[in-house]
Amino acid sequence: MMETQEQVRIVVVGGGFGGLEAALYARRRLEDRAEVVLVSDGAQFLFRPFLTYVPFGLAPEQVQMDLAGIARANGIVFRRGRVDAAHPTEKAISVDGGALRYDFLVLATGAAPGPEALPGLHAHAYTVWRQADMERLQGAFAALVRAVEGGQRRRVVLLVPPGCQWAGPLYELAFMLAAWLHEQQARHGVELLLLTPERAHVEVLGPAIHAMLAEELERRHIESRTGQRVDRVEDGVLIDPDGGRVPFDLLIAAPTYTAAASWRPLPVDAQGFVRTEAASRQVTGHPDVYAVGDASDFPVKQAVLALLQADAAAEHLAARVLGTAPAFSFDPSGVWLIEQLDQAVLARVPLGEGAGPAEVERMPEGQLRRMLVAAHLPRQYGENPLYAGLFWKGTQVGRRVLAHLAK
């Protein structure tokens, strides 16, 4: 333990879920004992999980909020700039060429789409990562409906490429598309096919999730194939290693991920994600530096897990400042909110060593939204209810977006 009566400076790099949550938590936990500086190269916080609604009519600006305003309302210093390098020996980072010193550093710069997983994929597929692709999908989905109205049939292939660490949004989009096409009275003319090289659907989350997803896919008449390898993508066709061909009219792919920023000389893995100590989120060998969310080496890239990591890191460094023991550590419990437009599924998935079974709860249309608006979900975490509460208390963006969607 360390304790200091002097004000410390906590610099958080990244304006996504992990960074904003860490800044909010540290500010509330330490109050005047810390100056919290949030650095981001962007001006907006993007509620990325709701990008899956964009192809169905949600405007992207409805899931964005001004970072400077959030910071100002919570007593956080906001600095817009690009971080060029980290200098852990000097306890400083370079922002637009100038030095910014810190006592504690939290890295939350997230992930970015990785290199092309398959030859031809970038040229022929939409992804569920880029906002621009999600906006273009709105037009592509409208074209599907027009084709069916004109008496044509279309095949949509949803592809999990090799090396994809988290394909959850692709499954959500498949379910949402099936429900939307039904609403548009066009489902009969569109064949949906989901392909994954994994032995099970979203294999990282375990057999209970596979069983639930397989049941949902079958119920919605979405053909799925596990263990399906693809060698390359050509115009209108997927080619497997044996030369087999899977034709498509529209191809939608989950992304592979790589680190969005380079943090060498800090220790990183092959994809550039920062290596951390699991419980505290401290960077290995650098006790005053923490990495949370998609920037870290935790394999599942998901917003709720980023929030939990941010809380654990901020609690750990706050306890060091206060000379106390941390109240909790990072306990990886995934919560996957699978919206399907006409219903929703809530899956709670313990991910730590010796974790128990997943819990799956189906909900009728609108119930998931109402539950979130009522802030029911944080109580699932008991003593760790996402304290700073970006989603629940801080910006209210989650409630506002959900309220809009529930209308």
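## Terms and model

A residue is called buried when its relative accessible area is under 20%, exposed when it is over 50%, and partly exposed in between, using a 1.4 Å probe and protein chains only. By that scale His188 is exposed, with a relative accessible area of 58%.

The model is predicted, so local features need pLDDT of at least 70 and side-chain atom pairs count only at pLDDT 80 or more, while totals for chains, interfaces and linings use all residues. Residues are numbered from 1 along each chain as its sequence is written, and side-chain values use heavy atoms, with hydrogens and water left out.

## Confidence

The predictor's confidence in each residue, pLDDT, runs from 0 to 100. Its mean over the protein chain is 85, and 86% of the residues reach 70 or more. Over residues 370-407 pLDDT stays under 50, and for this stretch the model has 82 contacts (heavy atoms within 4.5 Å) beyond four places in sequence. Where pLDDT is low, the predicted coordinates should not be read in detail.

## Overall make-up

The protein chain has 10 helices and 24 strands; these are DSSP runs, numbered from the N terminus, with helices being H or I of at least four residues and strands being E of at least two. Of the 407 residues in the chain, 56% are buried. Among contacts with a separation of 6 or more, 66% are between residues 24 or more positions apart.

## Nonpolar cores

A nonpolar core is a set of buried Ala, Val, Leu, Ile, Met, Phe, Trp, Tyr and Cys residues joined through side-chain atoms within 4.5 Å. The largest one has 104 residues, and Ile10, Tyr171, Ile252 and Trp336 have the most contacts inside it. Helix α7 (residues 303-322) supplies the largest share of this core, 13 residues. Apart from it lies another core, of 19 residues, including Val39, Leu266, Val268 and Val274.

Leaving aside residues up to four places away in sequence, Ile10 touches Ala26, Leu30, Ala34, Glu35, Val36, Val37, Phe104, Val106 and Leu317.

## Cavities

On a 1 Å grid over the protein atoms alone, a cavity is a set of points where a 1.4 Å probe fits but cannot get out, and lining residues have an atom within 4 Å of a point.

Residues lining the largest cavity include Pro113, Pro115, Leu121, His122, Arg130, Pro161 and Thr256. The lining divides into 7 nonpolar, 4 polar and 1 charged; here Ala, Val, Leu, Ile, Met, Phe, Trp, Tyr, Cys and Pro count as nonpolar, Asp, Glu, Lys and Arg as charged, and the others, Gly among them, as polar.

## Loop residues and backbone geometry

His188 lies in the loop between α5 (168-183) and β13 (190-195). Beyond four places in sequence, His188 touches Val148 and Arg153. The C-alpha atoms of His188 and Ala178 are separated by 10.0 Å, the two being 10 residues apart along the chain.

Glu31, in the loop between α1 (17-30) and β2 (34-40), is not a glycine but has a positive phi of about 50°. Glu31 counts as exposed because its relative accessibility is 55%. His221, in the loop between α6 (207-219) and β14 (223-225), is not a glycine and has a positive phi of about 55°; its relative accessibility is 66%, so His221 counts as exposed. The peptide bond from Arg264 to Pro265 is cis, with omega near 20°, and Pro265 lies in the loop between β19 (257-259) and β20 (282-283).

Methods: 1 Å grid on protein atoms, 1.4 Å probe; cavity = no way out; pocket = protein on both sides within 12 Å on 5 of 7 lines; lining within 4 Å.
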